[in-house]
Amino acid sequence: MATLRLENIVKRFHTLNEDTIKNFSLDVKSGELVVFVGPSGCGKSTLLRMIAGLEDPTSGKISLEGSDITDIRPSRRNMAMVFQSYALYPHMNVRENMAFALKLAKIAPNVITERVEKAAAMLNLTAYLETKPKHLSGGQRQRVAIGRAIVREPQLFLFDEPLSNLDAALRVQTRIEISLLHKRLKTTMIYVTHDQIEAMTLASRIVVLNNGTLEQVGTPTEIYHNPDNVFVAGFIGTPKMNFFQATLSRMENRALTLKVADQQTIEIGRDFTEVASSLKVGAPIILGVRPEHLEVISNPKATAVKNKPTLTATVDIIENLGSTSYLYGTIHSHPMANKTQSETKENAKIKEHSKIKTTSLAKENPKSIDPMLAETRTHALPGLENQISNQNAITVRLTGDPATLAGRDSVSVVLDPERVYLFNGEGKNIFSKVRS
Ligand SMILES: Nc1ncnc2c1ncn2[C@@H]1O[C@H](COP(=O)(O)OP(=O)(O)OP(=O)(O)O)[C@@H](O)[C@H]1O
Ligand SMILES: [Mg+2]
């Protein structure tokens with residue numbers, strides 16, 4: 001049985017003329033650490049507050065261990081919530097802060113001492129039990145706030161962005177502590193964040209939210225390898241997935257040819273039997289490839305890569321992070337391989353000219369330019385525009401020494417046919433089986 005069940009939850013604030021949460025249903029199993037992730041304003045805190053009882057759903061049902069708690073007041077729900085602002089009582093030391101709720105609940109003093117000291121040991125706070133919050137670091141204060149939740153021994157922990165006030169190093173450290181805590185306590189937890197790295201590292205299951213709607217639920221591995229749509233694919237993974245606007249120019253069971261960025265034609269050899277019948281030549285496709293699944297090659301003519309799908313890109317910038325590095329570039333409409341510098345400039349002029357022409361034509365009749373693009377835009381998922389806004393941009397994770405690419409204007413980038421995603425014009429994943 002699910003520990004927590006949310007059924008058809010809708011929330012509409014009186015001041016808004018749109019539902020903030022739209023028909024949301026979810027089962028959270030006992031002992032799971034479920035992470036709600038999504039952009040700012042998508043409704044994560046609202047959902048968590050409804051679970052805690054701090055906000056009433058407009059309709060729908062919430063049950064805990066099989067009993068309907070929709071109308072039960074927060075203090076009777078046996079849940080403990082940790083917020084981003086830890087709001088400790090400044091005049092109380094760590095011990096008093098952690099014991100406060102238990103004192104109010106009239107728990108026996110010896111039980112309080114035992115629980116507080118056990119939680120303090122778990123959180124490395126034993127040495128600070130008699131210290132006031134102003135003498136603690138941000139990370140220590142957040143740990144006190146977590147300790148305050150632990151001592152209540154709740155059935156369910158609710159965390160609302162508990163790490164956002166901490167600096168980068170402390171965030172990583174506290175994230176690991178929360179993971180360890182979950183392992184030790186085995187209590188069910190719901191954790192809200194807009195940080196996809198926290199979601200990937202902490203979650204038993206991730207719930208991706210967008211504009212009050214549940215986009216996808218799954219384990220981090222499922223969500224990373226098989227995102228349902230462009231929104232999820234672009235939100236999970238860092239740097240984010242590359243999206244290229246493409247047109248299907250040939251379709252066979254074992255190969256598919258795409259025209260990418262208007263000009264570059266690539267053939268992807270793979271078993272496409274599953275989608276072959278549902279795709280039509282001429283259909284708009286969004287080709288998705290993660291930066292870690294691309295490879296810059298020095299010799300495109302080498303036999304090992306000759307038959308692999310290859311894109312040509314200009315190099316905008318290379319970011320060296322020490323352990324790894326990334327190339328940020330642009331897929332240009334006209335492949336530049338083997339072109340001279342003057343030809344390149346000429347190309348740029350032609351491009352600029354056609355851009356002006358396109359813009360003025362588009363004003364007269366937007367669909368006359370590129371019906372495929374117009375069609376794609378009309379049916380876009382909410383957020384799709386943002387996700388593929390710079391559709392010719394490309395990010396590649398580099399495997400070798402980035403210094404070898406110094407001074408290069410353009411590079412050949414090879415795609416792994418087993419690790420490409422195909423999305424339709426509405427942003428839905430139509431070929432999901434990416435092999436890990
Ligand atoms: N009490 C309220 N009254 C009116 N609108 C509200 C109220 N609380 C939240 N909202 C609106 O509901 C939407 C969702 O807010 P919510 O705080 O749940 O987002 P969130 O996903 O937690 O965002 P963030 O990552 O920024 O914390 C927002 O548009 C917000 O303005
Ligand atoms: Mg929030």
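A: Of the protein's 436 residues, 35% count as buried, a residue being buried if 20 or more other C-beta atoms lie within 10 Å of its own, exposed if 12 or fewer, and partly exposed in between, with C-beta atoms placed from the backbone. The model is predicted: local features need pLDDT of at least 70 and side-chain atom pairs count only at pLDDT 80 or more, while totals for chains, interfaces and linings use all residues. Residues are numbered from 1 along each chain as its sequence is written, and chains are lettered from A and ligands numbered from 1 in the order in which they are written.

The secondary structure comprises 14 helices and 21 strands; these are DSSP runs numbered from the N terminus, helices being H or I of at least four residues and strands E of at least two. Eleven of its 13 residues are buried, so helix 4 is largely enclosed by the rest of the structure. The buried set runs from Gln-140 to Ile-150 and includes Arg-141, Arg-143 and Arg-148 as well as Val-144 and Ile-146.

Helix 2 in turn packs its buried residues against helix 3 and helix 4; Val-94, Met-98 and Leu-102 are among them. Just after helix 2, Lys-106 adopts a positive phi of about 60°.

Of the strands in this cover, strand 6 (residues 79-82) is itself covered on both faces, with Met-79 and Met-81 buried on one side and Ala-80 and Val-82 buried on the other. In a regular strand the side chains alternate between the two faces of the sheet. Strand 6 and strand 7 (residues 156-160) pair in the parallel sense over four bridges, pairing being assigned if DSSP finds at least two bridges between two strands. Within this pair, Ala-80 stands opposite Phe-157 of strand 7.

Both strands belong to an open sheet of six strands in the order 6-7-8-3-9-10, with mixed pairing. Strand 6 and strand 10 (213-218) are at the edges, each with a single partner strand, so one side of each has no neighbour in the sheet. From one strand to the next the twist averages 15°, with axes taken as lines fitted to C-alpha atoms (for helices over the stretch in contact) and angles running from 0 to 180 degrees between N-to-C directions.

On the scale of the protein, 67% of the contacts between residues at least 6 apart in sequence join residues at least 24 apart.

Note on methods:
Contact = placed C-beta atoms within 7 Å.
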